[in-house]
Amino acid sequence: MINSMMIMAAAAEQEQANPLIPNPWEILVTSVGFLVLLFIVIKFVVPAMEKSYVERRDAIEGGLERAQAAQAEAAQLKNNYEQLLQEARTEASQIREQARTEAAQIVAEARQNASAEASRISEQASVQIAAERQQAVAALRTEVGTLATRLASKIVGEALNDDARSQRVVDRFLEDLEKEQASTTSAGATE
């Protein structure tokens with residue numbers, strides 16, 4: 001019976017309650033539950049999410065900044081490398097040009113030294129030839145003089161032991177011989 005009374009009391013109450021207007025106790029309990037839940041979310045969940053958001057944003061921005069810094073550094077290194085490469089090429093070109101100049105100078109000096117050495121050797125040979133010719137002429141004069149004196153001694157039948165006289169005879173003979181040779185040479189040249 002109690003059950004049937006309770007059912008009736010509940011049915012009577014339902015007839016009096018408007019379904020569009022909620023029960024004030026339900027509104028109060030729901031509002032308190034919502035406020036507690038809102039407090040927990042604002043106090044604990046939002047700061048944790050904000051912290052995670054800030055960390056993620058910093059990581060992304062930091063990564064972008066590091067990438068930009070690395071790109072700028074790479075561009076600077078590339079510029080430095082290109083500048084060093086250009087300087088090396090310029091220096092290599094200068095070294096090659098200097099080497100060519102030095103080579104030409106060395107060749108010119110070697111030619112000049114060779115020419116001077118050839119002239120010196122030629123002059124020395126000419127001097128030596130002239131000296132040897134003079135020696136040969138002197139030796140020939142002495143030899144011819146000795147032979148002429150012997151021949152003249154045999155022809156004349158007298159001894160020509162006097163050196164001064166024999167020297168005069170030899171000199172006269174050689175002068176005559178040279179004059180005769182010079183006249184033969186000049187006569188051959190005019191023909």
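Asp 171 is found in helix 3, which covers residues 163-190, in a model that is predicted and in which local features need pLDDT of at least 70, side-chain atom pairs count only at pLDDT 80 or more, and totals for chains, interfaces and linings use all residues. Residues are numbered from 1 along each chain as its sequence is written, and side-chain values use heavy atoms, with hydrogens and water left out. Helices here are DSSP runs of H or I with at least four residues, strands are runs of E with at least two, and both are numbered from the N terminus. With a relative accessibility of 26%, Asp 171 counts as partly exposed, a class that lies between buried (under 20% relative accessible area) and exposed (over 50%), using a 1.4 Å probe and protein chains only. Its C-alpha atom is 7.9 Å from that of Gly 145, although Asp 171 and Gly 145 are 26 residues apart in sequence.

Seen as a whole, the protein contains three helices and zero strands, so that the order of elements from the N terminus on is α-α-α. Of its 191 residues, 5% are buried. The protein exposes about 17,100 Å², of which carbon and sulfur atoms supply 60%; such accessible areas come from the Shrake-Rupley method with a 1.4 Å probe, and for residues only the protein chains shown count as cover.

Confidence is expressed as pLDDT, the predictor's own confidence in each residue on a scale from 0 to 100. The mean for the protein is 83, and 82% of its residues reach 70 or more. Among the elements, helix 1 (residues 2-16) has the lowest mean pLDDT, at 63, whereas helix 2 has the highest, at 89. Where pLDDT is low, the predicted coordinates should not be read in detail.

Helix 2 spans residues 24-156, and Val 32 has its place there. The UniProt record, an unreviewed entry, puts the feature "transmembrane region" at residues 27-46; UniProt positions are given in the numbering used here, feature names are shortened, and annotations may be inferred rather than shown by experiment. In the model, the span of residues 27-46 is 100% helix and 0% strand, and its end C-alpha atoms lie 26 Å apart. A nonpolar surface patch of about 1,200 Å² includes Val 32, together with Trp 25, Leu 28, Val 36, Leu 37, Phe 39, Ile 40, Val 41, Phe 44, Val 45, Val 46 and Met 49. Patches are made of residues with over 30% relative accessible area and no salt bridge, where like charges are joined within 9 Å and nonpolar side chains (Val, Leu, Ile, Met, Phe, Trp, Tyr) within 5 Å. Val 32 itself is partly exposed, because its relative accessible area is 45%.

Charged side chains give a further view of the structure, which holds three salt bridges, each defined as a side-chain nitrogen of Lys or Arg within 4 Å of a carboxyl oxygen of Asp or Glu. In one of them, the side chains of Glu 82 and Lys 78 meet at 4.0 Å, N to O; both residues lie in helix 2, four residues apart, about one turn of the helix, and Glu 82 is partly exposed at 41% relative accessibility. Another joins Glu 97 and Arg 100 at 3.5 Å, N to O, again within helix 2, with the two residues three apart, about one turn of the helix. Glu 97 is partly exposed at 45% relative accessibility, whereas Arg 100 is exposed, with a relative accessible area of 52%. Arg 120 and Glu 117 also form a salt bridge, at 2.2 Å, N to O, and because they are three residues apart in helix 2, about one helical turn separates them. Arg 120 is partly exposed, with a relative accessible area of 43%, and Glu 117 is likewise partly exposed, at 34%.
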